[in-house]
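Hi,

Here is the model I promised to pass on.

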Amino acid sequence: TKLKGTGTRAVSVLTEDLIGSLNAEGWPVKPGDLGENLLVAGVPYNFFAVGRTYALGGSLVRITEPIAPCRNLCRLPFLSAPRCLPFVQTLNNRRGWYGRVVTPGHVATGDVVAMV
């Protein structure tokens, strides 16, 4: 996270199903648009929860807080001024998760994600 990055906000996690939901709602979001460090497939958004620890590849990450949507998202090329506020509002409680790296490790496409 480039802005306000701290130890408890060392990584941002988003699930692929959320991008699919946003697309189905008419928002043309692509991987990376929301600034996620890790895009996870194969688990639903509600798989992640504050306080839980997850194995992501060779690392362990503890989820520390949900990410609050902000107006920085208005810089996305598909958002004009009238569409910005509705987009930010639709992301309330589904913007992704911040996490603290408990154990550093390599994470690659296709790695297993598991709650520990």
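Helix H1 lies across strands S1 and S2, and its axis runs at about 60° to S1. (Axes are lines fitted to C-alpha atoms, for helices over the stretch in contact, and angles run from 0 to 180 degrees between N-to-C directions; contact means heavy atoms within 4.5 Å.) Helices (H or I, at least four residues) and strands (E, at least two) are DSSP runs, numbered from the N terminus.

Before going on, please note that this is a predicted model: local features need pLDDT of at least 70, side-chain atom pairs count only at pLDDT 80 or more, and totals for chains, interfaces and linings use all residues. Residues are numbered from 1 along each chain as its sequence is written, and side-chain values use heavy atoms, with hydrogens and water left out.

Back to the helices. Which residues of H1 are buried? They are Leu18, Ile19 and Leu22, where buried means under 20% relative accessible area, exposed over 50%, and partly exposed in between (1.4 Å probe, protein chains only). These residues sit on the same side of H1, because they cover an arc of only 100° around the axis; the arc is that of the directions from the helix axis to the C-beta atoms. The buried residues of H1 pack against S1, S2 and H2. In H2, the buried residues are Cys84, Phe87 and Val88. They fall within an arc of 95° seen down the axis of H2, so they line one face of that helix.

Now the sheet. It is open and built from 6 strands in the order S2-S1-S5-S4-S3-S6, with mixed pairing; two strands pair if DSSP finds at least two bridges between them. At the edges are S2 and S6 (113-115), each pairing on one side only. From one strand to the next, the twist averages 35°.

S1 pairs with S5 in the antiparallel sense over 3 bridges, and Ser12 has Tyr98 in S5 as its bridge partner. S1 and S2 run parallel and are joined by 3 bridges; Leu14 is partnered there with Leu39. The chain gets from S1 to S2 through H1, and this β-α-β crossover is right-handed: with the strands pointing away from the viewer, the path from the first strand over the helix to the second runs clockwise. Further along, S3 (residues 53-56) and S4 pair in the antiparallel sense over 4 bridges, with Val61 in S4 as the bridge partner of Tyr54.

Last topic: how many salt bridges does a search of the whole structure find? There are 2, a salt bridge being a side-chain nitrogen of Lys or Arg within 4 Å of a carboxyl oxygen of Asp or Glu.

- Glu65 pairs with Arg9, with the closest N and O atoms 3.1 Å apart. Glu65 is in S4 and Arg9 in the segment before S1, 56 residues apart. Glu65 is partly exposed at 24% relative accessibility, and Arg9 is partly exposed at 22%.
- Arg94 pairs with Glu25, with the closest N and O atoms 2.6 Å apart. Arg94 is in the loop between H2 and S5 and Glu25 in the loop between H1 and S2, 69 residues apart. Arg94 counts as buried at 17% relative accessibility, whereas Glu25 is partly exposed at 42%.

Enjoy exploring!
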